[in-house]
Amino acid sequence: MKRSMPVGGAFLVCAVLLVGAVPAAANPNNNNSAKLRAAVTVAGILEHEQAFQAISDAAAGNRLSGAPGYDGSADYVAERAAAAGFDVEVQDFEYTLDFLADFEAPVLSIEGGTEFVGGIAGASLGGDFGSMFKSTPYSIDVTAPVWAIDLALPAVGPANTSTSGCQDADYTGMPPGAIIIVQRGTCPFAEKFLRADASGAAAMVFINEGQPGRTEPLWFNFDGINIPTFAATVETGTELANGVLSGDTGQTARFKIDWAPGTYTTSNVIAESTSGDPDNVIVVGAHLDSVGVGPGLNDNGSGSATTLEIAEQMAKVNPRNKVRFIWFGAEESGLLGAEAYVAGLSPEERSHIAAMLNFDMVGSSNFVRFVYDGDLSDSTPPPGGAPAGSDAIETLFLDYFASQGLATEPTAFDGRSDYGPFIDAGIPAGGLFTGAEGIKTAEEAAVYGGQAGEQYDPCYHLSCDDIDNLSPVALDQMSDAAAHATISLAQSTQAVNGQRGKGNFNVKQTGPPTPIANIAGR
């Protein structure tokens with residue numbers, strides 16, 4: 001196994017102790033769809049997910065690229081893939097962490113009470129609080145009394161009735177090192193922030209005013225404000241205040257932030273089959289990183305774990321086409337791992353990639369079975385269009401789901417995930433998705449179950465995206481489809497690029513629907 005740098009071995013050891021270091025010794029030759037689908041189990045996927053959770057817990061609560069949780073995840077994947085017999089390379093690259101700069105997962109909790117759900121500053125995708133942009137150039141983890149700064153809760157009357165933080169007198173009696181709650185209203189934001197910055201408080205929770213339309217967090221990018229700050233919902237601020245509008249509430253809270261923008265080294269993990277046509281390569285990819293606020297067990301532990309499970313169960317397969325599994329870093333910062341990988345290929349190397357399969361979020365708890373719209377029949381084309389053969393990859397997935405009696409929906413072929421740099425380079429692509437921040441319709445709920453009017457993934461980009469934020473049914477159904485497409489293209493890409501693998505392999509060999517009554521043990 002080629003290694004360009006040592007990464008996070010301590011976290012790998014933690015995960016290995018929990019879930020075992022190597023796959024089962026006696027993997028059969030799962031060289032067709034029926035065999036591989038039977039071998040790829042939810043139990044196997046969850047084994048990897050539990051490892052990612054353990055790595056995150058042992059690190060800083062996340063698997064952010066460049067941070068210890070990502071390094072440990074990369075170690076884990078590299079070691080498992082090498083143990084399965086693949087040629088493994090760790091490809092380093094540098095990236096700039098700016099917008100998603102929670103290097104450690106932020107924490108806001110009431111001592112002995114509520115632990116609030118962290119979200120991403122500026123994303124407006126839910127959560128109770130998130131780190132303010134550039135609010136602090138350092139890390140802080142403080143447990144201190146909560147001090148209300150002249151709050152008006154609940155908000156009554158017109159906007160701008162709160163004068164919280166507009167007068168020096170608002171801070172009279174505040175003990176140094178308190179966690180203060182400051183509310184929008186009356187005077188300019190900058191005036192409030194500068195006064196809070198000079199107050200001697202350890203940290204600030206900033207909330208909106210509370211009238212209709214003024215309840216969500218307000219995110220600011222203030223240079224020169226040194227007080228660590230969370231933007232929070234009015235509901236969060238109200239619970240922190242605990243009925244006290246001015247002065248010490250008597251509650252104690254924990255406030256942890258590590259907003260650390262900068263340039264970091266991270267990596268892609270590449271595992272390639274030792275056999276198969278090197279001039280006709282199938283790339284199977286998933287991003288391995290999470291956002292900074294949580295462990296990212298659906299986004300994208302689910303795709304990473306599924307890809308690793310498929311790779312392990314193909315350990316004894318001698319594919320007709322070379323298969324290259326890639327776990328990408330820094331996807332959450334703008335598909336940077338995939339961009340670095342594609343940019344590093346020579347024109348000849350690019351021409352040898354027949355297809356790219358992308359699996360980003362395949363375990364959403366309120367899922368829909370989405371298939372990338374490779375023929376562009378249901379979505380706006382990406383800037384460069386869809387490379388020829390992308391429609392055939394979509395058909396491969398659609399035919400499989402139809403053979404199992406499972407409905408699907410199209411999802412935009414917009415390059416939003418790691419397949420984007422591949423289609424920009426003219427490489428055909430396709431993949432699966434179970435939904436993120438989008439809202440499930442009543443029509444979708446009637447077909448797929450779940451809750452209409454709720455996000456497909458209620459914990460998308462939140463701290464609650466943990467091991468409990470997964471649907472075993474979605475993992476079962478989508479991993480089977482992923483396994484089918486992987487082995488089908490590993491054996492023949494005739495439908496995609498006209499190149500037929502040797503032998504009599506038939507991509508239509510899907511077999512009858514597989515019962516899901518005992519999905520954990522199948």
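1. Let's start at V77, which sits in helix α4, the stretch covering residues 68–83. Keep in mind as you look around that this is a predicted model. V77 counts as buried because its relative accessible area is 0%, while the cut-off for buried is under 20%.

2. Who are the neighbours of V77? Leaving aside residues up to four places away in sequence, V77 touches F52, V269, L288, L308 and W327. Take V269 from that list: V77 and V269 are 192 residues apart along the chain, yet their C-alpha atoms are separated by 7.5 Å.

3. Next, have a look at helix α7, residues 301–313.

4. Now for the cysteines. The structure holds two disulfides. One of them joins C166 to C187, with an S to S distance of 2.0 Å. This pair links distant parts of the chain, 21 residues apart: C166 lies in the loop between β5 (139–148) and β6 (179–183), and C187 is in the loop between β6 and α5 (189–197). Both C166 and C187 are buried.

5. Is the C166–C187 disulfide left-handed or right-handed? The torsion about its S-S bond is about -90°, so it is left-handed.

6. C459 and C464 form a disulfide too, and their sulfur atoms are 2.1 Å apart. Here the torsion about the S-S bond is about -115°, so this disulfide is left-handed as well.

7. Are C459 and C464 buried or partly exposed? C459 is buried, because its relative accessible area is 12%. C464, at 21% relative accessibility, counts as partly exposed, since buried means under 20%.

8. One last thing to trace along the chain is how the cysteines pair up. Counting bonded cysteines in order, the disulfides of the protein follow the pattern 1-2, 3-4.

Methods: Residues are numbered from 1 along each chain as its sequence is written. This is a predicted model: local features need pLDDT of at least 70, side-chain atom pairs count only at pLDDT 80 or more; totals for chains, interfaces and linings use all residues. Side-chain values use heavy atoms; hydrogens and water are left out. Helices (H or I, at least four residues) and strands (E, at least two) are DSSP runs, numbered from the N terminus. Buried means under 20% relative accessible area, exposed over 50%, partly exposed in between (1.4 Å probe, protein chains only). Contact means heavy atoms within 4.5 Å. The expected span of a helix is 1.5 Å times one less than its number of residues. A disulfide is a pair of cysteine sulfur atoms within 2.5 Å.
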